[in-house]
Amino acid sequence: MWDYTDKVREHFVNPRNAGELPDANAVGEVGSLACGDALKLFLKISDDGRIEDARFQTFGCASAIASSSVLTELIKGKTVEEASRITNKDIAAELGGLPKEKMHCSVMGEEALEAALRNWRGEPAVPHAHEEGKLVCKCFGITDAQIIHAIRENNLKTVEEITHYTKAGGGCGECLDEIAEILAAESGKPRLRELKPVTPKKMTNVQRMQLVMKTIDEEIRPRLETDGGDIDLVDVNGTTVTVALRGRCAQCRSSLVTIKELVEKTLREQVDPAITVEEAQA
Amino acid sequence: MKTVYLDNNATTRVAPEVVEAMLPYFSDLYGNPSSMHTFGGQVGRAVAGAREQMAALLGARPEEILFTSCGTESDSTAILSALATQPDKKHIVTTRVEHPAVLALCQHLERRGYEITYLGVDFKGRLNPDEYAAALRGDTAIASVMFANNEVGNVYPIQQLAEIAREKGVLFHTDAVQAVGKIPMDMTTLPVDFLSLSGHKLHAPKGIGVLYIRKGTRFRPLLRGGHQERGRRAGTENVPYIIGLGMAAELAARNIDREQSHVALLRDRLEHGLVNAVPDAVVNGDTDSRLPNTSSIAFKYVEGEAILLMLDRLGICASSGSACTSGSLEPSHVLRAMGVPFTYAHGSVRLSLSRYTTAEEIDYVIREFPPVIERLRAISPFRGEQGGPAGSR
């Protein structure tokens with residue numbers, strides 16, 4: 001049995017603002033019957049951009065219904081500007097927390113709000129993030145843009161967390177490797193930005209080789225190891241670096257992405273922008 | 001608030017007679033059945049009596065009864081024994097709707113190099129016997145097919161399937177955890193080699209199970225290190241629980257007619273009551289061949305966990321094949337194997353009765369359950385055409 005807070009239970013049993021809003025001028029819909037949860041959010045927004053009324057219809061578990069209910073309470077009376085800053089974290093916090101496996105219910109709330117506000121602005125129903133993103137999880141229709149958004153918004157550290165927040169990877173599991181790649185690329189970014197550029201003006205071949213080895217040892221390998229992978233440096237020939245992926249990375253269908261997105265990018269930033277990385281032929 | 005317990009496929013109440021039979025073995029009669037002295041010996045005789053009670057329920061011989069710790073241990077013991085005694089055979093036949101006790105073991109064995117055939121089922125959860133027969137090969141070590149399904153209650157044609165296996169010289173195991181005590185069975189005419197059962201599904205406590213092993217079947221123990229159970233399962237006997245299971249078996253044998261005359265009638269009354277009162281509700285499974293106590297109903301437009309929590313507030317205990325109850329994101333493997341559309345599977349609820357279920361309880365559920373669905377549908381976006389009482393409350 002789920003460890004729901006009293007507030008989740010209370011909002012589940014007595015949902016606020018449930019039902020349709022006949023004079024709504026903004027509607028946001030996310031989820032589907034097949035996915036197991038769906039939320040339709042109705043807003044009545046005044047001419048000066050204030051949310052006068054909010055109602056919802058939700059198909060889903062107790063936490064989905066409770067998330068929808070507190071969302072309507074959170075946004076009622078707020079300006080569109082204020083409401084657009086509400087995230088899934090606010091929804092979960094308002095409920096006194098959600099079981100981690102249920103965080104996607106709060107994300108659904110945020111997405112429905114975003115969709116409704118887009119609808120009000122006359123923008124297409126599907127946010128740019130979804131349009132531009134590449135479909136990663138085919139079971140639940142989750143794009144890389146949605147995954148990256150959830151990672152940044154909630155500071156997610158593991159693939160499991162991403163599944164809890166977005167549902168991505170929770171079906172057949174085929175996209176789990178791809179999610180791991182996205183996570184690796186994301187978790188790498190802020191860390192790299194903090195490091196000061198260490199690219200010397202002129203490097204000898206030996207210096208470059210040593211720096212490549214150091215970067216692989218200190219920067220790249222630890223990240224691959226968190227996903228059960230490893231990397232071997234095979235050769236450095238001028239600015240061409242040849243590597244072999246080991247462990248889980250070796251069987252990974254997206255090993256090329258790892259090499260380009262993680263290995264090459266890191267080496268370019270840390271060693272030399274001219275570097276190209278190649279995978280050693282088995 | 002009164003509890004209406006309709007989750008007997010998850011576990012059952014321990015029969016008061018069972019508790020009573022067990023109690024002395026927690027206090028005065030604490031001897032070790034293996035001891036030479038009279039004090040332990042009397043306990044040994046009581047264990048032998050329990051073995052006879054269990055054998056009588058199954059139409060088996062006492063020496064064919066192996067006491068284990070649970071149904072899962074029985075399943076593992078049977079399948080691993082079949083592999084150990086036939087090391088040249090690397091193939092197993094089972095079904096996609098087995099309990100995880102069998103499925104997860106098979107998936108584990110698959111990673112160890114065994115080949116597993118997982119037989120599919122049709123939309124009612126039925127197996128195709130021809131497909132099953134064709135799957136049995138010369139190198140098939142064992143076929144394992146559940147007697148009855150825990151989620152939808154389907155009863156499989158074990159007589160026919162076991163006969164086919166015997167003709168082809170393949171060992172046959174059935175996980176009968178949900179069936180024993182609900183469906184009469186007789187090992188003198190049912191040609192299975194192994195049969196698993198679990199105490200807590202038939203009003204004995206949790207932590208005790210049985211593996212029936214047909215006399216003459218080659219066997220390798222799972223646990224070594226003692227002569228107990230005639231060397232087939234080392235470890236000092238769980239005496240009080242064995243005594244309890246013996247009593248539960250005797251009670252089950254005495255009450256088995258009531259399963260059809262009492263339990264099945266209440267189940268049908270419940271099922272008809274709900275399906276008639278609630279639109280867009282369908283019964284999952286094979287209603288022509290089903291356990292007398294089980295009903296799995298799918299309610300469209302609502303989600304199972306929400307239903308269960310609403311029922312919980314009414315004191316009604318049920319279970320669901322929905323994704324959200326388990327923490328996974330997909331509906332149960334059984335409903336998926338049956339091809340139940342996700343739109344229905346998410347709203348599936350399992351109600352399982354026992355001989356302790358009363359007509360009053362069933363009528364209470366028939367009265368209180370439909371408004372729960374109505375209430376959840378009123379806030380669901382997928383029933384706009386109904387309008388109804390949707391609105392803030």
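**Exercise 1. Find what share of chain A is buried, then describe the chain.**

Step 1. Of the 282 residues of chain A, 52% count as buried. Buried means under 20% relative accessible area, exposed means over 50%, and partly exposed lies in between (1.4 Å probe, protein chains only). The model is predicted: local features need pLDDT of at least 70, side-chain atom pairs count only at pLDDT 80 or more, and totals for chains, interfaces and linings use all residues. Residues are numbered from 1 along each chain as its sequence is written, chains are lettered from A and ligands numbered from 1 in the order in which they are written, and side-chain values use heavy atoms, with hydrogens and water left out.

Step 2. Count the elements. Chain A holds 12 helices and eight strands. These are DSSP runs, numbered from the N terminus (helices: H or I, at least four residues; strands: E, at least two).

Step 3. Domain 1 covers 6–125, domain 2 covers 129–193 and domain 3 covers 197–279. Such bounds come from an automatic or database domain assignment. The C-alpha centres of domain 1 and domain 3 of chain A are 44 Å apart.

Step 4. Chain A exposes about 13200 Å², and carbon and sulfur atoms supply 50% of it. The areas come from the Shrake-Rupley method with a 1.4 Å probe; for residues, only the protein chains shown count as cover.

**Exercise 2. Describe the build of chain B.**

Step 1. Chain B has 12 helices and 13 strands. Its radius of gyration is 22 Å, close to the 21 Å that the globule rule gives for 393 residues, so chain B is as compact as a globular protein of that length. The radius is taken over C-alpha atoms; the rule is 2.2 Å times the number of residues to the power 0.38.

Step 2. Divide the chain. Domain 1 of chain B takes in 4–10 + 256–380, and domain 2 takes in 16–252. In their contact, 25 residues come from domain 1 of chain B and 32 residues from domain 2 of chain B. The C-alpha centres of these two domains are 28 Å apart.

Step 3. Check burial. Of the 393 residues of chain B, 60% count as buried.

**Exercise 3. Is B:Ser81 buried or exposed, and what does it touch?**

Step 1. B:Ser81 belongs to helix H3 of chain B, residues 71–85.

Step 2. Its relative accessible area is 1%, so B:Ser81 is buried.

Step 3. Beyond residues up to four places away in sequence, B:Ser81 touches B:Ser76, B:Phe194, B:Arg218, B:Phe219 and B:Arg220.

Note on methods. Contact means heavy atoms within 4.5 Å.
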